Amino acid sequence: MSLRQMEYFLTVVEEASFTRAAEALHVTQPALSHQIKALERAVGGALLERMPRGVRLTPMGRAFRPHAELAVRSAAQARRAARAAAGAEGGELHVAALHSIAVGVLPDVFARWRAAHPRVLLHLHEYATTEALREQVERGTADLAVGPAPDDWPGTVVPVGEEELVLVVPFDDRLAGRTTVKLPELADRAWIRCAMEPVVHGERFLDRACGQVGFEPATAVRTEHTSTAVRMAAAGVGVCVAPSHIVRGAVGEDCVVLTPDPPWKRALTVYARVPPTGAAEAFVDILREAWPSPGTTAG
């Protein structure tokens with residue numbers, strides 16, 4: 001069983017056709033079929049079911065696919081890591097991040113990176129939840145991830161900064177003249193809930209926070225994206241919770257931002273399967289420069 005055979009197998013699955021896969025791989029169809037048959041002999045059974053119009057995975061193929069994807073991605077990561085450690089330019093770096101961080105923090109970081117390393121291509125992979133972020137890094141989709149440190153992460157975790165969660169209301173809100181608010185003061189308000197809301201110990205952050213002070217938040221609207229929730233709050237639909245860097249950076253301050261008392265903050269990290277070296281290490285350094293470490297005032 002070889003890495004090339006696994007790459008061929010995954011291409012056939014993606015294209016759902018030996019003919020299209022052979023064209024994508026720039027090999028002849030007989031050569032491709034030969035390699036797939038050799039792979040099937042090595043694993044001890046059929047991975048693909050040949051059909052009159054295309055192919056589909058067998059049960060053995062479905063079980064084999066995620067491991068083949070991990071092997072191929074790990075090999076690509078190994079090549080990138082080796083080039084980065086050698087200081088090779090012209091390479092690439094795959095960065096995974098939560099959507100809110102990608103929108104609110106990474107544009108400035110990527111701009112600094114382009115100025116310092118113009119020949120290293122960045123690939124950004126965005127995810128809505130911390131669970132999806134971790135899963136994709138485990139599968140080898142990215143070289144490193146930016147987000148809250150997962151519980152029991154077996155690899156490297158590097159602290160890079162703090163994320164502050166704030167409350168958003170419109171300019172004509174009764175609280176508009178203030179800068180801070182205690183959560184019980186909002187017990188009678190309607191809330192805009194976002195699918196990207198942080199989850200703490202298996203519970204939505206807002207449900208947990210409101211429950212601790214004795215009330216259940218009433219939902220006015222549910223949205224998919226944080227930026228949409230902020231716009232809804234600015235229009236007066238309800239109160240929303242959002243990372244401060246989304247409100248003050250990406251969305252813009254066309255609303256009133258209130259800091260909860262006591263404040264809501266969480267530490268953010270870069271985590272990876274292996275210690276960052278070369279280009280990955282340089283990226284972490286730029287991120288930490290652009291985003292102050294925990295305990296300092298965020299800019």
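This is a predicted model: local features need pLDDT of at least 70, side-chain atom pairs count only at pLDDT 80 or more; totals for chains, interfaces and linings use all residues.
Where in the chain is the place of Arg189? Arg189 sits in the loop between β7, residues 180-181, and β8, residues 190-194. With a relative accessibility of 14%, Arg189 counts as buried, because the cut-off for that label is under 20%. Leaving aside residues up to four places away in sequence, Arg189 touches Val169, Asp173, Arg174, Leu175, Ala218 and Val239.

Let me step back to the whole chain. The chain has 299 residues, of which 45% count as buried, and it contains 11 helices and 14 strands. Taken along the principal axes, the C-alpha atoms fill a box of roughly 75 × 45 × 30 Å. The accessible surface comes to about 14,900 Å², and 52% of that surface belongs to carbon and sulfur atoms. As for charge, there are 32 positive and 35 negative charges in the chain, and their mean positions are 7 Å apart. If we take the contacts with a separation of 6 or more, residues 24 or more positions apart account for 73% of them.

The structure holds five aromatic pairs. In one of them, the rings of Phe9 and Phe64 have their centres 5.3 Å apart and their planes at 70°, so the pair is classed as edge-to-face, the cut-off for that being over 60 degrees. Phe9 belongs to helix α1, residues 3-15, while Phe64 belongs to helix α4, residues 59-85, so this pair ties together parts that are 55 residues apart in sequence. Both of these phenylalanines are buried. Elsewhere, ring pairs link Phe110, Trp113 and Phe283 into a cluster.

The next residue I would like to show is Ile101, which lies in helix α5, residues 99-104. Ile101 has a relative accessibility of 0% and therefore counts as buried. Again not counting residues up to four places away in sequence, Ile101 touches Leu106, Val146, Gly147, Glu163, His245, Leu268 and Trp291.

How far apart are the C-alpha atoms of Ile101 and Gly91? They are separated by 24 Å, although the two residues are 10 residues apart along the chain. Gly91 is placed in the loop between α4 and β3, the latter being residues 92-98, and at 16% relative accessibility Gly91 counts as buried. Gly91 can also be compared with Lys265, which is 174 residues away in sequence and 35 Å away in space, C-alpha to C-alpha.

As a reminder, a disulfide is a covalent bond between the sulfur atoms of two cysteines. For Cys194, the closest cysteine sulfur is the one in Cys240, at 8.3 Å, which is too far for a bond, given a cut-off within 2.5 Å. Cys194 counts as buried at 9% relative accessibility, and Cys255 counts as buried at 5%.

A cis peptide bond joins Asp261 and Pro262, with omega at about 5°, and Pro262 is found in the loop between β13, residues 256-260, and β14, residues 264-272.

The other two places concern phi. His26 is not a glycine, and yet it has a positive phi of about 60°; this histidine lies in the loop between α2, residues 18-25, and α3, residues 29-43. Asp152, likewise not a glycine, has a positive phi of about 55°, and its place is in the loop between β5, residues 144-147, and β6, residues 156-169.

Are these two residues buried or exposed? His26 counts as exposed at 73% relative accessibility, and Asp152 is exposed with a relative accessible area of 73%. That brings me back to the opening residue, Arg189, which is also in a loop but counts as buried.

Notes. Residues are numbered from 1 along each chain as its sequence is written. Side-chain values use heavy atoms; hydrogens and water are left out. Rings of Phe, Tyr and Trp (its six-membered ring) pair if their centres lie within 6.5 Å; planes under 30 degrees apart count as stacked, over 60 as edge-to-face and the rest as tilted. Helices (H or I, at least four residues) and strands (E, at least two) are DSSP runs, numbered from the N terminus. Buried means under 20% relative accessible area, exposed over 50%, partly exposed in between (1.4 Å probe, protein chains only). Contact means heavy atoms within 4.5 Å. Accessible areas come from the Shrake-Rupley method with a 1.4 Å probe; for residues, only the protein chains shown count as cover. Lys and Arg count as positive and Asp and Glu as negative; His and the chain ends are not counted. The place of a charge is taken as NZ of Lys, CZ of Arg, CG of Asp or CD of Glu.
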